[in-house]
Amino acid sequence: MGEPIIEIKAVSYRYDRENVLENINMEVQKGAFIGVVGPNGSGKSTLIKLILGLLKPQKGTVSLFGQTKFKEWDRIGFVSQKANSFNSGFPATVFEVVQSGLVGKLGLFHFMKNHHKQEVMKAIKSVGMENFTKRNIGELSGGQQQRVFIARAIVSNPDILILDEPTVGVDEMNVQSFYDMLEKLNKDRGITLLLVTHDIGTITNKVSHVACLNKTLHFHGEVEEFEKLDTDDLSGMYNHDVHLLSHEHSSRGEGEQL
Ligand SMILES: Nc1ncnc2c1ncn2[C@@H]1O[C@H](COP(=O)(O)OP(=O)(O)O)[C@@H](O)[C@H]1O
Ligand SMILES: [Mg+2]
């Protein structure tokens, strides 16, 4: 195994007095598909912001590609849960939205060359949206919009794609095919994936690794090891009834819960 893409060492973070993350140690290796799960308020989005350099830990270090002062942000794609908020009048097509993901690489006023157009089409295809290239983004369902945002995030060929609860706003019926699409990105395009989700039940047959977060990291390892844990182990980790997780899973579609 080479150098991890993400290495989090002894990281603690607090917004005010109390730590929301405590002594987190975690690695993401190239090629992994890691699912980060935990109840609401457990620090998942905070952890993502620390990885993305939007917050600085009070303790510990975050290294990306072996560097603590990482700057090549186009090597990291990010899709948040709030991305899918375009109204139906928004004047941009699927192609244009995905193309905008190349701005960092091309500069704003550089013309797209043919091979750039091909990259845009390739990204659109890998999220299964090739029949919608000319459609206005606002005319798509929440799940389709999320696919387009994933295409925009991967068009510049990042090494890793980070997704923070991307299935919020995706119809329950389409959630499984959304995860199938992520699995394909990981397997076929070789993109390392870090997926934050409530949806632990649905992803255990997709991910290679699981991290269970609730202020501290209660479990971090291969999915096979995770599946060996029984309910008692998990309850102990979470310090309350673990059925919360499966409950949140089954109440998907209500508000923000998945
Ligand atoms: N900007 C902020 N200022 C103060 N507290 C915050 C802020 N953002 C999040 N928190 C608190 O930090 C904790 C972790 O939040 P968050 O990382 O968003 O959790 P999750 O994504 O798992 O729901 C929560 O108690 C939340 O209220
Ligand atoms: Mg969150």
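This is a predicted model: local features need pLDDT of at least 70, side-chain atom pairs count only at pLDDT 80 or more; totals for chains, interfaces and linings use all residues.
How far does a polar side-chain atom of T46 lie from an oxygen atom of ligand 1? The distance is 2.5 Å, which falls under the heading of a polar contact, meaning a pair of N or O atoms within 3.5 Å. Residues are numbered from 1 along each chain as its sequence is written, chains are lettered from A and ligands numbered from 1 in the order in which they are written, and side-chain values use heavy atoms, with hydrogens and water left out.

Staying with ligand 1, a polar side-chain atom of K44 lies 2.9 Å from one of its oxygen atoms, and a polar side-chain atom of Y15 lies 3.5 Å from a nitrogen atom of the ligand. Taken alone, ligand 1 exposes 560 Å², of which the protein buries 57% (areas by the Shrake-Rupley method with a 1.4 Å probe).

Now to strand β3, residues 33–37 (strands are DSSP runs of E, at least two residues, numbered from the N terminus). Five of its five residues are buried, so the strand is largely enclosed by the rest of the structure; buried means under 20% relative accessible area, with a 1.4 Å probe and protein chains only. F33, G35 and V37 point one way from β3, whereas I34 and V36 point the other way. Four bridges join β3 to the parallel strand β7, residues 192–196 (two strands pair if DSSP finds at least two bridges between them), and there I34 has L194 as its bridge partner.

Notes. A polar contact is a pair of N or O atoms within 3.5 Å; within protein, one must be able to donate a hydrogen and the other to accept it, and residues adjacent in sequence count only if both atoms are side-chain atoms. Buried means under 20% relative accessible area, exposed over 50%, partly exposed in between (1.4 Å probe, protein chains only).
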